[in-house]
Each structure stands twice: as C-alpha cells, then as structure tokens.
Amino acid sequence: MKQLFFLLILGFHVSIAQKLSIDPSVTYQTMHSFGASDCWSMQMVGRYYPIEKRNRIAELLFSKEFDTAGNPKGIGLSMWRFNIGAGSTEQGMGSKITNEWRRAECFLENGKYDWTKQQGQQWFLEAAKRHGVDFTLGFLNSAPVSMTKNGLSIGSGTLGEWNFDKSKMNDFADFLAQVSTRFNFDYLSPFNEPQWDWGPKSKSGFGSQEGTPINNEDIAWATRKIDETFGQKKLKTRIVLTEAAQIDYLYKSKTNRSEVHQDNQIEAFFDKSSPNYVGNLKSVESLMCGHSYFTTSPTAELIKKRQDLGEKIKQQNISYWQSEYCILGDNAGEIKGNGVDLGMKTALYVAKVIHADLMHAHASAWHWWLSVSANDFKDGLIYVFNNGAKGENDKNKFDGEVLDSKLLWALGNYSRFIRPNMKRIKVDMAAENVLVSGYTSKNQVVVVFVNNSGSQRVELPKMRRKQKIDAYVTSQTENLTHRKVNKNILELPAESVVTLVITY
C-alpha cells in the first residue's frame, strides 16, 4: 500500500487490469466470411500492373501465412466478390458512363461468350483461389446491355423502374448460369442496391456507374426464373438477396421507398404469407444482404438500427450478411468520406461499425467495398498512387505505389482469425471505450478488442490447464503484429485493435 502511495505521489499512473470473462457455452450466430470486392480497380491493376505488385496485393488480401516472427503476411479474406460486368466498357462513351474505371466488360457480346473478358479481375479471382480463399461470389450491377430496356447499363432515373427487357429473362438466367458455372462461384448476387435510381446524374444524360433499380415484385419474379434455370442445370451456386442500399430498407415498412415497393425486404422475401416469398426456392440461400452505408453515426443510431434489424432477422429465422461498406458522407461530424487516411482514425471507426454489425445485427458475414482504391477517399483497404497522383485516371491505370492502410490490418484483426463456421460467444469486460467480442471453434477462442482510448490492461481468464495465448496488435506503430502473452495480463496499446487467440 505504501509503495502504491509513493508511486502516485511521484506522478506514476497505475493501470488497474480489467477482468475479461469468456463463456463459450453461450453462443450466437455462426460466422460465415469476411470479404471485399474487385471493383473497380482490379480491371486495371490485375491487367496492367507489374506482376510483383499484383502478387503483393494478393498476399495482403488473401494470405493466411505467417512470417518468421509470427506476423501475418496478409488478412486472410474468406470471401472474394467478383463484379460480373454488363458491357459498358465495350460501349465506351456511348455507355453514358464518363469514367472508364466505373465501366465493366461483359462475357456475352453479340450472342457469343468471350471468356477472355475481364482479364484483370480474373487474375485476382485466380489469385484468391490460389491463396485458399474459402468462398467466391459473383455480383451484378446491371444485366448485360443486350438485355436492358434502354440498351445501357444505367437506369432511366425513375425509382423502382427495372432497366430490363423481361422478354429476355430466359437469356438472362442462362447468362447467370453460364458465368456461375465457368467460374465456379459459390454464390451469385443478381441485384445490387435496388433502392437507388441509378440514372443520369446531370442533364448530359451520363451516369456514374452500372446499376438499375428494381422493386420487390420484380426481384421475386426474376429470382424464381433464375432458380428454375439453376435447378435444371443442377448448379451448386447459391443465390443471395438483396444487397439493400441501406439496412433500413431490410426491416422497415414505412420508408421513402414504400410507394415503389422497395422496402421491408426481409418480410417480403422470407415471410411465408408474402406474395413475394422466395424462401422455399432450392437455390436461394436463407439470408438477407444489406449495406451499412449512411446508418453508422451517431453511435446511438449505429446501435439502434442494428438492434432493430437483428430482431427482424431473428423473427424470420434467417441469417444476415453486411455485404458492402466504406465510409461515405460526413457521418454526423464524426468522420468524412473525403480524403484518404492510412492511419488509425479510419481503422478504429470501421472497427466500431464491424463490432456493431456483428454484435447487434448478428451479421454472420462482413464485406468491405473496394479492396484496392486509387481515390482520395476512405473507400480502400489498399491504395495505388503513382508519384502521389490520386484518382481513377491514366496515371494510376498502369502502375503505382502499393500502400497498405491501418484499416486493412484492422479488418485483418477480424478476418484473419475469425474463420468460417466459428460461433460468436458471450464475452464481458467492464473497461470503458473498449469494444469486445468473442468467437470459438473446437480448440480455439478468439477475442477482438477495439480500444478507442488510452492504453488498457486486461486480466485474462484461465480456459484450460494447457493453453497457448497469442495476441495480434494493430496500432499506430504495428500492423497485426504478433505478441506472445506469457502471463494472464494482456496489454492493449492506446487506440488499437487487438486480437487475442487462445489455443488449447
């Protein structure tokens, strides 16, 4: 006691360890995957960049290996999302999409398949498979331009109006089957963010990227047709719905999309009394996909909306995937989307979002948007800038410096160690400003700490008589760096994300 008194007199800060409790007997959702997409940069990077830089990017994203010091070489993503293009690239400026990075090639042109298309994306898809990524998913923003109403991959600008020629439905279903078979996709997502209008953004008639609205009735109709074709061809690829533009549209019934029948999608597709019920289709996975955009600030809203979503998911007894996110908007003043940030501020903000999606919405999968970005924006895990030049332009198209971010490694605190089929479990700790979640497999417990404040000390419980404890730290000075934990005290550096791995 005297010793403690003198330390305080001398001005030393004595940190009291907070007790961590772990109860593997209380389980929640079964985890599926952590992933990212190849949009839009991989068509450039995968085709034009030097092979050593492509391999470096693939290692950072996909590798599950460790270096000689025990540090992960990459973040070990378990899902890779492949954008199946609609053919705007072949149309050039006639596509009404100004930026060539936002256009995409199509495997089907003039009634014939050309499997040499999307070369850059195919390179990274193969790289994902070489590294042992568990799952692959193909997603579309638009049907092939040969099947759309306006002959373009952008919509008319009218909410709910599907830019698709319904007389081509059999051709569309066959196209999806052909592509899914060719690339052996585990999952197919046919519709993306149906709640936006995806039309021209100016009087010039130009849009920003491929995309189309679609209402719930048309989604159900098309999904039944696709399921029928997949069944006839005995495809193993599973259909996932609906990539909602905001999570509100999954569980709310009175929104600004009610009149065009684009909300309350969980009930629409998985309540047996709904005319749009598709939960009985053999190819349809029993889950809903939504995007966490525009619902992450302030913190009270972040939590409440995910609690409401979690309740609706539970009612229908289905799973939920958070299938796309990056930082957009000004987020109630907490953080802005504009301006690249390779540091911990963005990493900690996103880690808070991941934590909320997993804990409150009970998401079993969590997928980031752009795996690689050239933008001056908080949308990438990895950035490619040529001599400091930023943007989707010719300077970055053919080569650039490969820059990892703290966000990449903070996502790795989850993706590298929370593997498919792990179960989320009950964990508790009283420390302020530290978010804690836990996961288990047969011989392992994984705990992720998101520490938003100063350094903290954690007193660890004894799980088994013989156990090995490792920690992996992402902080201002460390990138998923391995630390041995020899005693029962874990140190959490200030402003860090730390993964504790207990193996027994």
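Modeller: Start with Gln118, which lies in the loop between strand E5 (112-113) and helix H5 (119-130). Keep in mind that this is a predicted model. Phi of Gln118 is near 55 degrees, a positive value in a residue that is not glycine. Is Gln118 buried or exposed? Gln118 counts as buried, because its relative accessibility is 3% and the cut-off for buried is under 20%.

Asn387 is found in the loop between E12 and helix H12 (394-397). Here the relative accessible area is 81%. The limit for exposed is over 50%, so Asn387 is exposed.

Stay with strand E12. The loop between strand E11 (365-373) and strand E12 (380-385) holds Asn375. With a relative accessible area of 10%, Asn375 is buried. Beyond its neighbours within four places in sequence, Asn375 is in contact with Arg102, Val340, Leu370, Tyr383, Phe385, Gly391 and Glu392.

Leu381 is next. Again leaving aside neighbours within four places, Leu381 has contacts that include Ala36, Leu61, Ile75, Trp368 and Leu370. Other contacts of Leu381 include Leu403, Asp404, Leu407, Leu408 and Leu411.

The largest nonpolar core has 124 residues. Leu381 is one of those with the most contacts inside it, along with Leu61, Phe62, Trp80, Phe175 and Trp368. Helix H11 (residues 344-359) gives the most to this core, with 10 residues. Another core, of 22 residues, lies apart from it; among its members are Ile22, Ala431, Phe449 and Leu500. In soluble globular proteins, nonpolar side chains tend to be buried together.

Now move away from Phe175. Asp248 is 73 residues from Phe175 in sequence and 31 Å from it in space, C-alpha to C-alpha. Asp248 is found in helix H8 (residues 248-251). It is buried, at a relative accessible area of 6%. Its contacts, leaving aside neighbours within four places in sequence, are Thr295 and Lys305.

Two peptide bonds deserve a check. The bond from Leu241 to Thr242 is cis, with omega near -5 degrees. Thr242 sits in strand E8 (residues 238-244). Ser297 and Pro298 are also joined by a cis peptide bond, with omega about -10 degrees. Pro298 is in the loop between strand E9 (284-291) and helix H10 (299-316).

Now the whole chain. The protein has 13 helices and 21 strands. A compact globule of 504 residues would have a radius of gyration near 23 Å, and the protein has 23 Å, so the two agree. Along the principal axes, the C-alpha atoms fill a box of roughly 85 × 55 × 40 Å. Of the 504 residues, 59% count as buried. Consider contacts between residues at least 6 apart in sequence: 73% of them join residues at least 24 apart.

Last, surface and charge. The accessible surface comes to about 20,700 Å², and 48% of it belongs to carbon and sulfur atoms. There are 61 positive and 54 negative charges, and their mean positions are 6 Å apart.

Definitions and conventions
Residues are numbered from 1 along each chain as its sequence is written. This is a predicted model: local features need pLDDT of at least 70, side-chain atom pairs count only at pLDDT 80 or more; totals for chains, interfaces and linings use all residues. Side-chain values use heavy atoms; hydrogens and water are left out. Helices (H or I, at least four residues) and strands (E, at least two) are DSSP runs, numbered from the N terminus. The radius of gyration is taken over C-alpha atoms; the globule rule is 2.2 Å times the number of residues to the power 0.38. Buried means under 20% relative accessible area, exposed over 50%, partly exposed in between (1.4 Å probe, protein chains only). Contact means heavy atoms within 4.5 Å. Accessible areas come from the Shrake-Rupley method with a 1.4 Å probe; for residues, only the protein chains shown count as cover. Lys and Arg count as positive and Asp and Glu as negative; His and the chain ends are not counted. The place of a charge is taken as NZ of Lys, CZ of Arg, CG of Asp or CD of Glu. A nonpolar core is a set of buried Ala, Val, Leu, Ile, Met, Phe, Trp, Tyr and Cys residues joined through side-chain atoms within 4.5 Å.
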